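Here are my notes for you to read beside the model. Please keep the sequence and the 3D view open as you go through the points.

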Protein chains: 2
Amino acid sequence: MITCLAGGVGAARFLQGLVKFVSEEEVTIIGNTGDDIELYGLNISPDLDIIIYTLAGLADEEKGWGLKGDTFNCLNMLKLYGHETWFNLGDRDIATHIYRTQLLKRGFPLSDVTKRLREKLSLKEEILPMTNDRFETRIRTPNGSIHFQEYLVKRQAQDDVLGVHFEGADKAKPAPGVIDSILKARTVVVCPSNPIVSIGTILSIRGVREALKETQANVAAISPIVGGSPVKGPADKLMRGLGKEVSAFAVARLYQDFIDSFVIDQIDQAEKEKIEGLGLHVVVTDSIMKSLDDKIRLAKAALQSVESL
Amino acid sequence: MITCLAGGVGAARFLQGLVKFVSEEEVTIIGNTGDDIELYGLNISPDLDIIIYTLAGLADEEKGWGLKGDTFNCLNMLKLYGHETWFNLGDRDIATHIYRTQLLKRGFPLSDVTKRLREKLSLKEEILPMTNDRFETRIRTPNGSIHFQEYLVKRQAQDDVLGVHFEGADKAKPAPGVIDSILKARTVVVCPSNPIVSIGTILSIRGVREALKETQANVAAISPIVGGSPVKGPADKLMRGLGKEVSAFAVARLYQDFIDSFVIDQIDQAEKEKIEGLGLHVVVTDSIMKSLDDKIRLAKAALQSVESL
């Protein structure tokens, strides 16, 4: 069994490669829900969705969000009704949110909803939200605290980051299966996702970090920082905002207490020794995922990085 | 001021004609909400919507429902998730229901929501739901009692009608403005709509029928039955199910206690005397509305039918 801690697009790409040579049934994905947001009365789980859509072959990989060939007629009409429409929701995407909202309203936990969604799309991977409880990533800016999506999408990550706050983290319990899937895994992979708002959120859930330290599984992580900047997203701004250096090494330090190996890009070769100094096995490879081959190669490198240990 | 009792498509067409020669601000429309249904967690008001869409020039007049040029991507995705999709909801149409649902959930009454919707679409007509309270038209069939939409759309009006039941009618209060708009009108028009499930519902609301009898306004009605069958919809099956003859005369009898004039189609000329026998002024005209000219002519005939009184 391979258990993966996952954010959004970067993780989805990595997982696409992984399931090309590992049986889907062997893969458990623990997804970030800190980005979840309610808009227009609909419960949206962007990270879980992009993983589901990507693994189902439905994602718009060119745009990097949403569903391939989706239309935006509902959103345009909502705009006509005076709604803010900074969060792009395609018509088919909205069906996912309608479906989820309805089930949540009927009392099903998010993990059940997620299971149903991936089953409807014939996915055999186990996909677990990190928690079924309310959890909201908020960014402290000079203009006050705002929802992560508002920071990222509405305000295009333009605000200075003064801090990151995980609302609900003190009370959120791991969703059923989360801790077990870490403890019982053969290998755990921390996907190349934002170390603060994608992986950091998962690590903040009670018992997760402890399970990662305790598990007999080897734990590999892939650096989402390549050449001093994130492949995608605002990780640099968030890391800098928290007073951290933006480098593969800085990410390795965030994970060093529970990972065994760390995969970095060729361009960061110079950081290899420094990271090894943290007591980690370091693998250097080409970590930019464009083609499916790239994704497979990176996933293989991650697994191989711990197999030799 | 002209106050119109309205069902769905037939009424919408009539109103389209009316506002071509009467100022929109002078028109108040009391809409049927007995067809309202919650699907996928969304509150849908089909009759109010088709009137709003039609008056805003957005309705798909060829299909007779929904919005012109709408797509059905959300619904198709909901189908993939295993939802029943017998009720056709276009992507732009869904925006209306998302907007309405959200406002209702926030505690706004349906009349406020309706006002906002028509204002967003720049409509100057006053559009009032008959009630803000729960009201559901149910059809008794040999297989049990079913929601009117289930009878009409899902089961295509195939079931024998044993009876019609207005759930909530005993408690439903008229929405603000409904009674006043009848009492203070110069003219009241009962649009060519289903006399049982469109107009009958409105008449069942406490105080409406009394206001129609009491008002100083002249009241005109247009027969929705032409040549012994409804222009659109299942009025014949419902009337027969309730033991009524299917004719213009039978409709006139349903309204005779509160209308002054009755507009029938040329094809029903033979019924004129019989209807006059009910004490009504009868106007015979071509009542089939295809072109805009047809709609204007019928609306003029309806108004003229009471102006001479």
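1. Gln149(A) sits in helix 6 of chain A, which covers residues 148-154; helices here are DSSP runs of H or I with at least four residues, and strands are runs of E with at least two, numbered from the N terminus. The model is predicted, so local features need pLDDT of at least 70 and side-chain atom pairs count only at pLDDT 80 or more, while totals for chains, interfaces and linings use all residues. Residues are numbered from 1 along each chain as its sequence is written, and chains are lettered from A and ligands numbered from 1 in the order in which they are written.

2. Is Gln149(A) buried or exposed? Gln149(A) counts as buried because it has 21 C-beta neighbours inside 10 Å (buried means 20 or more other C-beta atoms within 10 Å, exposed 12 or fewer, partly exposed in between, with C-beta atoms placed from the backbone).

3. Beyond its neighbours within four places in sequence, Gln149(A) is in contact with Asp35(A), Ile37(A) and Phe87(A), where contact means that C-beta atoms, placed from the backbone, lie within 7 Å.

4. Chain A superposes on chain B by a rotation of 180 degrees with 0.0 Å of shift along the axis and an RMSD of 0.0 Å, using least squares on C-alpha atoms of residues with pLDDT of at least 70 in both copies. That is the relation of a two-fold axis.

5. The contact between the chains takes 22 residues from chain A and 22 residues from chain B. On the side of chain A, helix 3 (73-80) and helix 4 (91-105) are the elements that give two or more residues, and helix 4 supplies the largest share, 10 residues.

Technical notes: Two residues are in contact if their C-beta atoms, placed from the backbone, lie within 7 Å.
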